[in-house]
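Colleague: Please take me through the terms used for this model, setting each value against its definition.

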Amino acid sequence: MSVPPEVLFHRYFGTLDRPLDRQRYNGKHDLAELNPPEFGPLLADLQRVLTEALCSVQYGPEHIDRGPFHVDYIDSSVPNALAFRHDGYSFIGITIPLMYMIWDECHLLSRSEVMASRLGVRLPDEDKRDGLRVVLFRTTLFFVVLHEWTHHIHGHVRLRGSDSAFFNEILDGSEADGLETQAEEADADFNAAYYVLDSLIGGPARVPAVTLLGLDGEPVGVQDDVLVSCFIVAVGAFLLVRPPAVVNRDSVYKNDHPPQAARMLLLIYDAIAWCKRQRPGLEARLAPDCFHKLMDAVAQVTWGVDGSIGWAAQAAFLLSPEGLEYLRQLDEYRAAHVRSLSPA
């Protein structure tokens, strides 16, 4: 009799080598223990939908078929998202502290009148605010899971025998790989953004999102504007789980993740390219003025004035000669990595 994937998922954490990792990650989390009571069923439903979707993907020649996939939640003391392979499965694990942080962040964003104005939605009552919260939360979780999925199918997760060490998303890691590791993160962002936009704007996530946002009676163009703005806010909410880091021309090359503003800037380029192919004209919603207003609001709602200042400082560095050179090199590394995925 085969062992269920959730059991294998739980057992993996008993194989971790580093004492710090064993201290941080305890295995699969029992969703019945979560508060508020409706949070557990929401996470369980999203887990089912995402696992089924990833197991049904038709892979192209640039993908490594690492299925079957299983998405689950980790009993942990830290906010993080992990991609790892164990006993024939490719696992994507999200820690419960990260889920609570995103849930709480989406609550703050959905209660902000400034954010409602920037998104172009009316929030006349609690139901509409709750609707926006759910849309932002689902979109954020989809992006996180698809980002980790890309680490699997684009070969970022390094195998050790039949298993792998996990690919770490939130916590700081080694500085050894520099731009190579950052390029993999930027690649995972791009691939995740493509699939999230496909689903939210033109796929199965559109109708429930439009209904939750109270946009059923609005023209398609208005709906598209709000949905693509929700995508930007949702991704921004995830990237700003931690306060914006201070970067300079030396430190920016050493981290294993690009600074948040660099990730968002590359994502905007990718989203504009998606819009031009799939929804011509919608890219106007992603013009620099609209984008910066959205992200300034996300940073200020999430972290207060300090967050807004930190975000502005990152953006200013990226516009400096040193920042532009960093972006050029990062994009070159990313393009080279993407080319390496394609068959000769």
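Colleague: What makes the radius of gyration of the chain agree with that of a compact globule?

Modeller: The radius of gyration is taken over C-alpha atoms, and the globule rule is 2.2 Å times the number of residues to the power 0.38. For 344 residues a compact globule would come near 20 Å, and the chain has 19 Å, so the value agrees. Along the principal axes, the C-alpha atoms fill a box of roughly 50 × 50 × 40 Å. This is a predicted model, in which local features need pLDDT of at least 70 and side-chain atom pairs count only at pLDDT 80 or more, whereas totals for chains, interfaces and linings use all residues. Residues are numbered from 1 along each chain as its sequence is written, and side-chain values use heavy atoms, with hydrogens and water left out.

Colleague: Why is Thr-139 called buried?

Modeller: Buried means under 20% relative accessible area, exposed over 50%, and partly exposed in between (1.4 Å probe, protein chains only). Thr-139 has 5% relative accessibility and therefore counts as buried. Thr-139 lies in helix H6 (residues 126-153); helices are DSSP runs of H or I with at least four residues, strands are E runs of at least two, and both are numbered from the N terminus. Contact means heavy atoms within 4.5 Å; apart from its neighbours within four places in sequence, Thr-139 is in contact with Val-196, Leu-200, Phe-231 and Ala-234. In the chain, buried residues make up 53% of the 344 residues.

Colleague: Why are H7 and H12 called roughly perpendicular?

Modeller: Axes are lines fitted to C-alpha atoms, for helices over the stretch in contact, and angles run from 0 to 180 degrees between N-to-C directions. Angles under 35 degrees count as roughly parallel, over 145 as roughly antiparallel, 65 to 115 as roughly perpendicular and the rest as oblique. H7 (residues 179-202) and H12 (residues 321-341) pack at about 70°, with axes 8 Å apart; the pair is therefore roughly perpendicular. Among the residues making this contact are Phe-190 of H7 and Tyr-333 of H12.

Colleague: How do you know that H11 and H12 are roughly perpendicular too?

Modeller: H11 (residues 288-319) packs against H12 at about 80°, with axes 4 Å apart, and the two are therefore roughly perpendicular to each other. Here Phe-317, Leu-318 and Leu-319 of H11 meet residues of H12 including Pro-321 and Leu-324.

Colleague: How many helices and strands does the chain have?

Modeller: The chain has twelve helices and seven strands.
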